Amino acid sequence: MKSITTDVIVVAAGLSGLAACIAAAENGAKVTVFEKSNTTGGAANMGMGPLGVGSPIQREHMVALTPGEAFRKHMYYTHYRVDARMVRDYYFKSGDTIEWLMDMGVEFAGVQRAFSAPEATRAYSDGEFTWHVVKPEGGGAPGPRCATAMTKKMTEKARELGVEFLMETPVNKIIMEDGKAVGVLAKDKDGEEIEARAKSVILATGGFGDNPKMIQEQTGYEFGKTIFNFAIPGMKGDGINMAWEAGAGRTECTMELMYQLPDNMNHFILDGAFRQPSLWVNRNGDRFMPEDQIANTTFTGNAITAQPGSVAYAIFDSKLLKKYKKRGPDIVSHVHPHDLFDHFDEQWEKDLAEGYEPICQADTIEELAEKAGIDVEGLVKQVEEYNDMCDAGFDELFEKDRAYMQNIEKGPFYCCRQNVGAYGSLGGVLINHKTQVMNQEAKVIPGLYCVGTDACNIFGDSYPFILSGNTMGFCLNSGRIAGENAAEEAVEF
Ligand SMILES: Cc1cc2nc3c(=O)[nH]c(=O)nc-3n(C[C@H](O)[C@H](O)[C@H](O)COP(=O)(O)OP(=O)(O)OC[C@H]3O[C@@H](n4cnc5c(N)ncnc54)[C@H](O)[C@@H]3O)c2cc1C
């Protein structure tokens, strides 16, 4: 067995681990990072950017939101069911964290709401300009994976500060002595065991999105049946389980809900094309939410969860498709390509021919319902009612924005089943606002910190879409807080 001694051990080099190791090293600690995979950045490499409030970019664009206002909004949204001290510290640090990243060379394309909506629906769906979208490496329009440019710069910075990275070396146990965390056990890619000792251990292993058993036990969803979340390889819940084994308190775990098509990255054009405020129904053929809200992926994920079989169906007709092709989509996504309807036919024909199961096309509503597995009578009745309301120009059921009251009448008709999805899991390990791990009685376990999604228990039951970029925002800021506190302890030791 190999032995290592250091000041601070960071378990994982994902987003929160990178923030933690940089902050600890900047504050004078000798830092060793253990990473299971062969790359740094974790799930953040899939995304677009973090939240910040009060950043230089916001000031430049005259975005007036203050950290105090963001704190109030967040607490109102979560009904004060979460740790106000943690939320407060996070928002008040978040603007400075954007500046911290910029000093490392991270460039941002700008600051964004999660999506734009017309004035009429803004009150429900729109958020604040908090999402700092990372400028993609090599230029071009920002899109999925552009945040890789940020994690690369962070990795460079950490290396510059002398942080040691042990790649492909997963940690499997926290060493506890007299109730204190004093190190970890790991195994490198050649199978050699490592015992590492340190003054503090920071856990940052990214939750359990790739662990169907844990998803079911902790949240009740069945992977591949009732949820089709991103399962980033390696996110098995390691840090959470190790912390629980070491005596950490437990928090409620949730999934960071959204909605998506199964295997959506390979069907991305359709994933985006059907995110329109057309006609959305459940398995009985009934509408279940005002479709002008479907761009709020959290709300829609929640609403689909509540439907029979936790599925929904988005439907449009050939008249609407023609309009989308000519004038572009009603709701422009910031994640999907803006010209997606230019590529719709090609992807649709290919996916239909290959039997991609969530989609179907038919010349009549009856046939469409049968093919999709929607109650035929229910859908026929709903379409009739809906078309009557479109003719009258008013949605009597949900008061959907009248601009989107567009009849479903001209075949062929297009349908795409929508499933509950998620970016990953949230929560598990009980921490305080300093990110110190606590036991179930809220007593600090000395030497042990937990950050990022393993400990993210500040959203209550739903991701706060109104303050977007919040998961990366929490990961970066909790990581930074842990790194600073762990270094302070290590230096005082
Ligand atoms: C498609 C997609 C898009 C997203 N877009 C955004 C966005 O634009 N804005 C936003 O705010 N959020 C976004 N998110 C969410 C955000 O990326 C994650 O919440 C964030 O990266 C989580 O950070 P983390 O540090 O907790 O974990 P991660 O960044 O996922 O890192 C976890 C790391 O732990 C390692 N690991 C696991 N087990 C061990 C072990 N035993 N030992 C050592 N290492 C281990 C893993 O290999 C990984 O590197 C997105 C997520 C996805 C999937």
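**View 1. Gly-162 and helix H6.** Just after helix H6, Gly-162 adopts a positive phi of about 90°. The model is predicted: local features need pLDDT of at least 70 and side-chain atom pairs count only at pLDDT 80 or more, while totals for chains, interfaces and linings use all residues. Residues are numbered from 1 along each chain as its sequence is written, and side-chain values use heavy atoms, with hydrogens and water left out. Helices (H or I, at least four residues) and strands (E, at least two) are DSSP runs, numbered from the N terminus. The end C-alpha atoms of H6 (residues 148-160) are 18 Å apart, which agrees with the 18 Å that its 13 residues should span at 1.5 Å a residue (1.5 Å times one less than the number of residues).

**View 2. The open sheet.** The 4 strands of an open sheet follow the order S1-S9-S8-S7, with mixed pairing. Strand S1 (2-5) and strand S7 (171-177) are the edge strands, each pairing on one side only (two strands pair if DSSP finds at least two bridges between them). S7 and strand S8 (residues 180-187) run antiparallel and are joined by 6 bridges. Ile-174 stands opposite Val-184 in S8.

**View 3. The surroundings of Asp-89.** Asp-89 lies in helix H4 (residues 84-103). Apart from neighbours within four places in sequence, Asp-89 is in contact (heavy atoms within 4.5 Å) with His-433 and Ile-481.
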